[in-house]
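Let's take a quick tour of a protein chain, starting with the whole and then stopping at two spots along the way. Have a look at the picture first.

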Amino acid sequence: MATRTDGTGARMSAQRRRESVLAAAVEEFANGGLTGTSTEAIAARAGISQPYLFRLFPTKKALFIAVVESSFARTAALFEQAAGERTGKAALDAMKESYSGLLADRSYLLTQLHAYAGCYDPDVRLATRGGFRRLWETVERITGLPVDELRVFFAHGMLINVSVAMDLSAVDDRWAQIICSPTFLNPLPEPDGDTEPDGDTEPDGDTEPASNPGPTSTVDELPAVPR
């Protein structure tokens, strides 16, 4: 049986062994999800025997759920830290910035997506709902923003998730460039209602009214995705 140490010969505490198994599970579940991942592979990556793994987590599903809960908790803690004493849109902007860094961990991202894919299982579905609810409540509490703005924040977050998972920034096609554009993912705020337009509002008597060209798109004006 593999010796359960911290790499220096010292025996690890039960909590550290559990954390070590969770870290190994994240890497394995990122590739295979709940169904396609073996506990043998997780145990081997963690440097323990499979029977000992089951002493820490009674079933593979219990380990997967622990990984799901840990993933959501990690995101919520990051948002808390990033926001600091900020509230409102300043806090939301800080969360956006911090999340970009978190997505550099591809195993984290793919494991998060496997959590949603694993919702065919009722227990996983409950755990995923619970994690998402706590994440929503964290953002709502810190920012104090209206729910419509929170919906946009979470909707953009999911768009970013799938875009990064597909590595769309490496695709030169126009549709991929549009989705990856920072302008598209972070639209400009609506102008204040009290803002007056520049110049006269009445048309000049000698000026012909402009014909209505119909709706226009600003898609072509979006900046290219940085390489």
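## The whole chain

Of the 227 residues in the protein chain, 37% count as buried. Keep in mind that this is a predicted model.

As for surface, the chain exposes about 14,000 Å², and carbon and sulfur atoms supply 54% of that area.

## How it's put together

Reading along the sequence, you get the pattern α-α-α-α-α-α-α-α-α-α.

Now think about who touches whom. Among contacts with a separation of 6 or more, 65% are between residues 24 or more positions apart.

## First stop: Thr37

Thr37 sits in the loop between α1 (14–36) and α2 (39–46). Is Thr37 buried or exposed? Its relative accessible area is 4%, and buried means under 20%, so Thr37 is buried.

Which residues does Thr37 touch, once you set aside its neighbours within four places in sequence? They are Glu28, Phe29, Gly32, Ile42 and Lys60.

## Second stop: Asp167

Further along, Asp167 is in the loop between α8 (147–165) and α9 (174–180). Asp167 has a relative accessible area of 44%, which falls between the 20% and 50% cut-offs, so Asp167 is partly exposed.

The backbone has something to show here too: phi of Asp167 is near 55°, a positive value in a residue other than glycine.

Conventions: Residues are numbered from 1 along each chain as its sequence is written. This is a predicted model: local features need pLDDT of at least 70, side-chain atom pairs count only at pLDDT 80 or more; totals for chains, interfaces and linings use all residues. Side-chain values use heavy atoms; hydrogens and water are left out. Helices (H or I, at least four residues) and strands (E, at least two) are DSSP runs, numbered from the N terminus. Buried means under 20% relative accessible area, exposed over 50%, partly exposed in between (1.4 Å probe, protein chains only). Contact means heavy atoms within 4.5 Å. Accessible areas come from the Shrake-Rupley method with a 1.4 Å probe; for residues, only the protein chains shown count as cover.
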